[in-house]
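Here is a short briefing to read alongside the model.

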Amino acid sequence: MKRTICMLCVVLLLAATFTGCRTITPPDEDGMTIGELKKRDGAGFITEDNRFECEYRGGTLVIEEYRGTETDVVIPAEIDGDPVTAIGSSAFRDSDVVSVTFPDSITQIEDSAFENCASLTGVVLPPKLEFLGAFAFSKCTSLTRISIPGSLKTIEACAFSDSGIEEVVFEEGFEITSFNSMFCGSRIRQITLPATVKTLCNGAFSSCEELEIVILNDGLETIENFAFSDATKLKEIVIPASVTKLTGRAFSDCTGLEAVKFEGDAPEDYGPKNDIEIGDVHYTIYYHESAKGFIRPWWKGYSTALW
């Protein structure tokens, strides 16, 4: 009897010991709780609806892969209370999406995120976007218009290359100074460079075969080689007086080009460098009578005239 009573007392004591006790999540070897481990950099998961594969970076979420079937996609601003701030590399690549709606929380769209989304027609870039990766919207052949937010600090090369883009609007606040090959091979028809651009980089508008109108900004200083190569519909371009570095190779294979008009003095390094480039000497150079460095009727193999 005494033994039974003692055993009962032990059971009651154990029950009392564990009643109301808080379960403590054990830390890992680095002192992180299981909850913290789930959100460590590089930790990933698939959303309950199986639409997105996500990864934690710096306490926020990156959409690493779109797994859904909807063609009109709305990116959530947060998942399980954590903000979504980036679209990862190749996340939507080769998908059949038609439109994508971004939350204001998105600050990065990484390399090839929407590359070769041939059906994509509707995109409004988020207002706080700071980084747009290389080939992000390359080969989006149904995408015809894009507005570039002033928040962007970096646009990598070929971001819209070989796309269907015909019209580009640069929103107030755009401050990028080097304009790279973000639109090379696109169907852009006209472009007005933002006032902040200092350098038009190699291949900036190369193979833009529909490009007809180019308005360069005052303050532009350098136009690099092949900036307009193979822009076969470009007939005329005005070079601002601020441009001091420019070679004839900027207009390589611009077979429709008829006139290059200079607002200022002649650049020192202009003209063909070899027999192959002599084939590009087919247009007339126009300059103001007060300009220095030009002569008539010929200058470095080009016919010249006043304007």
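**Briefing on the predicted model**

In it, strand 4 and strand 7 (residues 99-101) are parallel partners, joined over 3 bridges. The largest pocket has a volume of about 150 Å³, and F251 is a buried residue.

- If you want a residue to start from, D72 stands opposite S99 in strand 7.

**The largest pocket**

- Its lining consists of E212, I213, V214, I215, L216, D218, E236, I237, V238, I239, P240 and E263.
- Two elements give two or more residues to this lining: strand 17 (213-215) and strand 19 (236-239).
- Strand 19 gives the most, with 4 residues.
- Sorted by class, the lining has 8 nonpolar and 4 charged residues, and no polar ones.

**F251**

- You will find F251 in the loop between strand 20 (245-246) and strand 21 (259-262).
- F251 counts as buried because its relative accessible area is 0%, and the cut-off for buried is under 20%.
- Along the sequence, F251 and V281 are 30 residues apart, while in space their C-alpha atoms are 9.7 Å apart.

Conventions. Residues are numbered from 1 along each chain as its sequence is written. This is a predicted model: local features need pLDDT of at least 70, side-chain atom pairs count only at pLDDT 80 or more; totals for chains, interfaces and linings use all residues. Side-chain values use heavy atoms; hydrogens and water are left out. Two strands pair if DSSP finds at least two bridges between them. On a 1 Å grid over the protein atoms alone, a cavity is a set of points where a 1.4 Å probe fits but cannot get out, and a pocket is an open set with protein on both sides within 12 Å along at least five of seven lines; lining residues have an atom within 4 Å of a point. Grid points are joined across faces, edges and corners, and a volume is the space filled by probe spheres set on the points. Ala, Val, Leu, Ile, Met, Phe, Trp, Tyr, Cys and Pro count as nonpolar, Asp, Glu, Lys and Arg as charged, and the others, Gly among them, as polar. Buried means under 20% relative accessible area, exposed over 50%, partly exposed in between (1.4 Å probe, protein chains only).
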